[in-house]
Amino acid sequence: GCTSGDLCAAGKCVKGVENVLIWSGQKGPGYSDGPIAVARYNGPFDIDRSDNGSLIVADTYNRRIRRISTSGVVETVAGSGDYGDLNGPALDASFRSPVSVAAGKGEWIYVADVAAHRIRLVNSVGTVSTYAGSGLIADTDGPAAVAQFYGPDSIAVDSKNNVWVGESSRHRIRRISAAGMV
């Protein structure tokens, strides 16, 4: 459970966040980067803390991944806002419905894209790729590129770089090993 000094959001505890006096975002949906007092979101479904202390946000209805720096500035790190599953430069890439994020080693960000039935990766040099999942709806394990998911809607990464994926509609948790096997 969460303890004093932790930020609790979307059912997760973000450890080490202390003295939160102001939260980010304005009343009502929108989209804008900038200082936390003026930034806008549209369905921030999930949040995780990166190794450098910044917060990573799945801004689901804006179809973007956002970062809140330790100095209180919100920036878009991935997603054009278009609906799709285009890989490539982070700000040109598209998501369908990024509902969960996990901050990994080396500032990598793993994204559960529930409507695309894929796990996406934003790497440290600003490129989005499909980390796992063919995009076909099924329950197939195997190499990450051919594995199939059914609405992955939560994600976490452990210290050994295993990626854990929740599929609430299927009532199960799946693991993507650091070697790329589901």
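**Charges, rings and cores**

Modeller: Asp85 is partly exposed, with a relative accessible area of 26%, where buried means under 20% relative accessible area, exposed over 50% and partly exposed in between (1.4 Å probe, protein chains only). This is a predicted model, in which local features need pLDDT of at least 70 and side-chain atom pairs count only at pLDDT 80 or more, while totals for chains, interfaces and linings use all residues. Residues are numbered from 1 along each chain as its sequence is written, and side-chain values use heavy atoms, with hydrogens and water left out.

Biologist: Okay, which residue forms a salt bridge with Asp85?

Modeller: Arg118 does, with the closest N and O atoms 2.5 Å apart; a salt bridge here is a side-chain nitrogen of Lys or Arg within 4 Å of a carboxyl oxygen of Asp or Glu. The two are 33 residues apart, with Arg118 in strand E11 and Asp85 in the loop between strand E7 (73-78) and strand E8 (88-89). Helices (H or I, at least four residues) and strands (E, at least two) are DSSP runs numbered from the N terminus.

Biologist: And is Arg118 buried or exposed?

Modeller: Arg118 is buried, at a relative accessible area of 15%.

Biologist: How many salt bridges does the structure hold?

Modeller: It holds eleven. One of them joins Asp113 to Arg120, with 3.2 Å between the closest N and O atoms, and both of these residues are buried. Another runs between Asp139 and Arg170 at 3.1 Å, and this pair links the loop between E12 and E13 with the loop between E14 and strand E15 (172-176), 31 residues apart. Asp139 and Arg170 also belong to a network of salt bridges with Asp141, Glu167, Arg172 and Arg174.

Biologist: What does the charged end of Arg170 sit over?

Modeller: It sits over the ring of Tyr150, 3.9 Å from the centre, by the criterion that NZ of Lys or CZ of Arg is within 6 Å of the ring centre and within 35 degrees of the ring normal. Arg174 likewise lies over the face of Phe149, at 4.7 Å from the ring centre.

Biologist: Switching to ring against ring, how many aromatic pairs are there?

Modeller: There are three, counting rings of Phe, Tyr and Trp (its six-membered ring) whose centres lie within 6.5 Å, with planes under 30 degrees apart taken as stacked, over 60 as edge-to-face and the rest as tilted. For Phe45 and Tyr61 the centres are 5.3 Å apart and the planes at 80°, so that pair is edge-to-face. Tyr110 and Tyr131 are also edge-to-face, at 5.2 Å centre to centre and 80° between the planes, and they connect strand E10 with strand E12, 21 residues apart. Both tyrosines, Tyr110 and Tyr131, are buried, and together with Trp108 they form one aromatic cluster.

Biologist: Which residues touch the most other members of the largest nonpolar core?

Modeller: Among its 15 residues, those are Ile119, Tyr131, Ala132 and Ile176; such a core is a set of buried Ala, Val, Leu, Ile, Met, Phe, Trp, Tyr and Cys residues joined through side-chain atoms within 4.5 Å. Strand E10 (109-113), strand E11 (118-122), strand E12 (127-132) and strand E14 (163-167) each give two or more residues to this core. A second, separate core of 14 residues includes Ala93, Val101, Ile109 and Val128.

Biologist: Last one, where is Glu107, and what is its phi?

Modeller: Glu107 is in the loop between strand E9 (98-103) and E10, and its phi is near 65°, a positive value in a residue other than glycine.
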